[in-house]
Amino acid sequence: MRDDRSFIELKARERARLLLDDGSYRELLDPFDGIVSPWLGAQGIVPQSDDGMVVAKGTINGGPAVVIAIEGSFQGGSMGEVSGAKMAAALELAAEDNRNGIPTQAVLCLETGGVRLQEANLGLAAIADIHAAIVDLRRYTPVVGVIAGTVGCFGGMSIAAALCSYLIVTREARLGLNGPQVIEQEAGIDEYDSRDRPFIWSMTGGEVRYQSGLVDALVGDGVNAVKQAVNDAIAKGVPAKHRTDNYTWYLERLSNFDTSKQADAEQIKQLFGEKQS
């Protein structure tokens, strides 16, 4: 049965449910477990009972799978102590499953602005754990990342996205180390106008990231399109060489880039779009 609903418009829990086989969804540490951040209340912020992180076990095409989805509408999808620990632990358990002969697949739905400022050091430590867990797990099974929109994927979690075996985006997605507001605040509006949406998407949007070879698939916003791309990525198996294994190629390209003038989309595509060795 076709499902042409917008994947972007779905909440994290529904995204996870739809990526798993019908009837196989089972959530770990769901809202009824009352897992909340101990740090938000002191800031006058109402906590969320799952801390904005959905961890679901089930199957994809009949094989064991875990889908981890960040709720972008809670705290901008930012990562704190509890939410980060949930993701890291789920990835670590998936790796342990694989070592024990249970070939558990992993999909990450990434809608995040990076670390939660209210929990800065704890959030950063959790993101480091997530990075290590992805690198461990991807030895056994593809770790598939999905960035749909509209929050995008920024900060330390953009590094997590880059570590994924395969990365899927829509045109509405954005991917970058620093968000537009952060760049404008630090470098000034003349360098980066965070209100200039066409410019921002031309630099960090899903289409230019795909054309630059920094992601593996550019898909439409429909649920079926995203599911098919996830299935295709899993079917490819573990890459012979991950994108991050080519770090010397990227460093060489960056070292030869002229930083004296503002970059544009064409320069980005030329910089990274050539075939990597």
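**Helix H6**

I began with helix H6 and found that its buried residues pack against helix H5 (180–187), helix H7 (206–211) and helix H10 (265–272). I took contact as heavy atoms within 4.5 Å. H6 covers residues 197–204, and its buried members are Ile200, Met203 and Thr204. Buried here means under 20% relative accessible area, exposed over 50%, and partly exposed in between (1.4 Å probe, protein chains only). Down the axis of H6, the buried residues fall within an arc of 75 degrees, so they line one face of the helix. The arc is that of the directions from the helix axis to the C-beta atoms. An α-helix has 3.6 residues a turn, so residues three or four places apart point the same way.

**Ground rules**

I note that this is a predicted model: local features need pLDDT of at least 70, side-chain atom pairs count only at pLDDT 80 or more, and totals for chains, interfaces and linings use all residues. Residues are numbered from 1 along each chain as its sequence is written, and side-chain values use heavy atoms, with hydrogens and water left out. Helices (H or I, at least four residues) and strands (E, at least two) are DSSP runs, numbered from the N terminus.

I turned to E5 next. Five of its five residues are buried, so I logged the strand as mostly covered. Val143, Gly145 and Ile147 point one way, Val144 and Val146 the other. In a regular strand the side chains alternate between the two faces of the sheet.

I then looked up the pairing, which requires at least two DSSP bridges between two strands. Strand E4 (residues 105–109) runs parallel to E5, with four bridges joining them. Val107 has Val144 as its bridge partner in E5. The path from E4 through H3 to E5 is a right-handed β-α-β crossover. Right-handed means that, with the strands pointing away from the viewer, the path from the first strand over the helix to the second runs clockwise. E5 also pairs with E6 in the parallel sense, over four bridges. There, Val146 is partnered by Ile168. E5, H4 and E6 make a right-handed β-α-β unit.

**Helix H4**

I checked H4 (residues 156–163) for burial. Met157, Ser158, Ala160, Ala161 and Leu163 are buried. Their cover includes strand E3 (63–70), helix H2 (81–99), helix H3 (120–137), strand E5 (143–147) and strand E6 (166–170).

**Two loop residues**

I looked up His242, in the loop between helix H8 (223–236) and helix H9 (247–255). His242 is buried, at a relative accessible area of 7%. Beyond its neighbours within four places in sequence, His242 contacts Arg138 and Ser165.

Gly62 lies in the loop between strand E2 (53–60) and E3. Gly62 is exposed, with a relative accessible area of 57%. I also logged its separation from Leu137: 75 residues in sequence and 20 Å in space, C-alpha to C-alpha.

**Rings**

How many aromatic pairs does the whole structure hold? My search gave three. Rings of Phe, Tyr and Trp (its six-membered ring) pair if their centres lie within 6.5 Å; planes under 30 degrees apart count as stacked, over 60 as edge-to-face and the rest as tilted. Tyr192 and Phe199 have ring centres 5.1 Å apart and planes at 65 degrees, so this pair is edge-to-face. Tyr192 is buried, at 8% relative accessibility. Trp249 and Tyr250 have ring centres 5.1 Å apart and planes at 90 degrees, so they are edge-to-face. Both Trp249 and Tyr250 are buried. Trp249, Tyr250 and Phe272 form one aromatic cluster.
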